[in-house]
Amino acid sequence: LVSTLDDYLTFAKMLLSKGCLDGKQIMGEKTVEFMTFGRLPKAIENDLYTWRDLEGFRYGNLIRTVQEPGLCMYNAPKGAYGWDGWLGCYFLNIPSENACILLFMQRTGAGTNLYTRRLVNSIMGVI
């Protein structure tokens, strides 16, 4: 995937608005719900937890969703969701706060590194 920060933000905001963008329904609400709800079988998810700092999340349909906030590396509420591209494109939507966080950096593992955790935790501390 190749994109710009502005386009990625537009996509993330469309997901946050349950598929609606600029007053137009781009994606069905049920499709957004399907994408943002963790559905992978536990056996597969358990393999993911061999990666550092991924506990507390559920996975499925290209999105990582906070299911157990107390186990997560972020200060994010249950239902927050997002994804990080391996090479540095990261987003987190927080529906309960109507907030979207985007962080782009040229660094592998952007969503699980110390800088991302500090940024998200700092932002969540003021929301």
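Mentor: On a 1 Å grid over the protein atoms alone, a cavity is a set of points where a 1.4 Å probe fits but cannot get out, while a pocket is an open set with protein on both sides within 12 Å along at least five of seven lines; lining residues have an atom within 4 Å of a point. Grid points are joined across faces, edges and corners, and a volume is the space filled by probe spheres set on the points. By this rule there is one cavity of 30 Å³ or more. The model is predicted: local features need pLDDT of at least 70, side-chain atom pairs count only at pLDDT 80 or more, and totals for chains, interfaces and linings use all residues. Residues are numbered from 1 along each chain as its sequence is written, and side-chain values use heavy atoms, with hydrogens and water left out.

Trainee: What makes up the lining of the largest cavity?

Mentor: The largest cavity, of about 40 Å³, has a lining that includes Phe57, Tyr74, Trp83 and Phe91. By class, nine of its lining residues are nonpolar, one is polar and one is charged. Here Ala, Val, Leu, Ile, Met, Phe, Trp, Tyr, Cys and Pro count as nonpolar, Asp, Glu, Lys and Arg as charged, and the others, Gly among them, as polar.

Trainee: What is the lining of the second largest pocket by class?

Mentor: That lining has five nonpolar, two polar and four charged residues. The second largest pocket has a volume of about 200 Å³, and α2 gives the most to its lining, with four residues. Helices (H or I, at least four residues) and strands (E, at least two) are DSSP runs, numbered from the N terminus.

Trainee: Why is asparagine 93 called buried?

Mentor: Buried means under 20% relative accessible area, exposed over 50%, and partly exposed in between (1.4 Å probe, protein chains only). Asparagine 93 has 0%, and is therefore buried. This residue of strand β6 has a polar side-chain atom 2.9 Å from the backbone oxygen of alanine 12. A polar contact is a pair of N or O atoms within 3.5 Å; within protein, one must be able to donate a hydrogen and the other to accept it, and residues adjacent in sequence count only if both atoms are side-chain atoms.

Trainee: Why does leucine 48 count as partly exposed?

Mentor: Its relative accessibility is 25%, so leucine 48 counts as partly exposed. Leucine 48, in helix α3, touches Leu40, Leu54 and Tyr59, not counting residues up to four places away in sequence. Contact means heavy atoms within 4.5 Å.

Trainee: How many aromatic pairs does the whole structure hold, and why is that of phenylalanine 57 and tyrosine 74 called edge-to-face?

Mentor: The search finds five aromatic pairs. Rings of Phe, Tyr and Trp (its six-membered ring) pair if their centres lie within 6.5 Å; planes under 30 degrees apart count as stacked, over 60 as edge-to-face and the rest as tilted. The centres of phenylalanine 57 and tyrosine 74 are 6.1 Å apart and their planes stand at 75 degrees, so the pair is edge-to-face. Phenylalanine 57 is buried at 2% relative accessibility, and tyrosine 74 is buried at 4%.

Trainee: What are the values for the pair of tyrosine 59 and tryptophan 83?

Mentor: This edge-to-face pair has 6.1 Å centre to centre and 85 degrees between the planes. Tyrosine 59 lies in strand β3 and tryptophan 83 in strand β5, so the pair ties together parts 24 residues apart in sequence.
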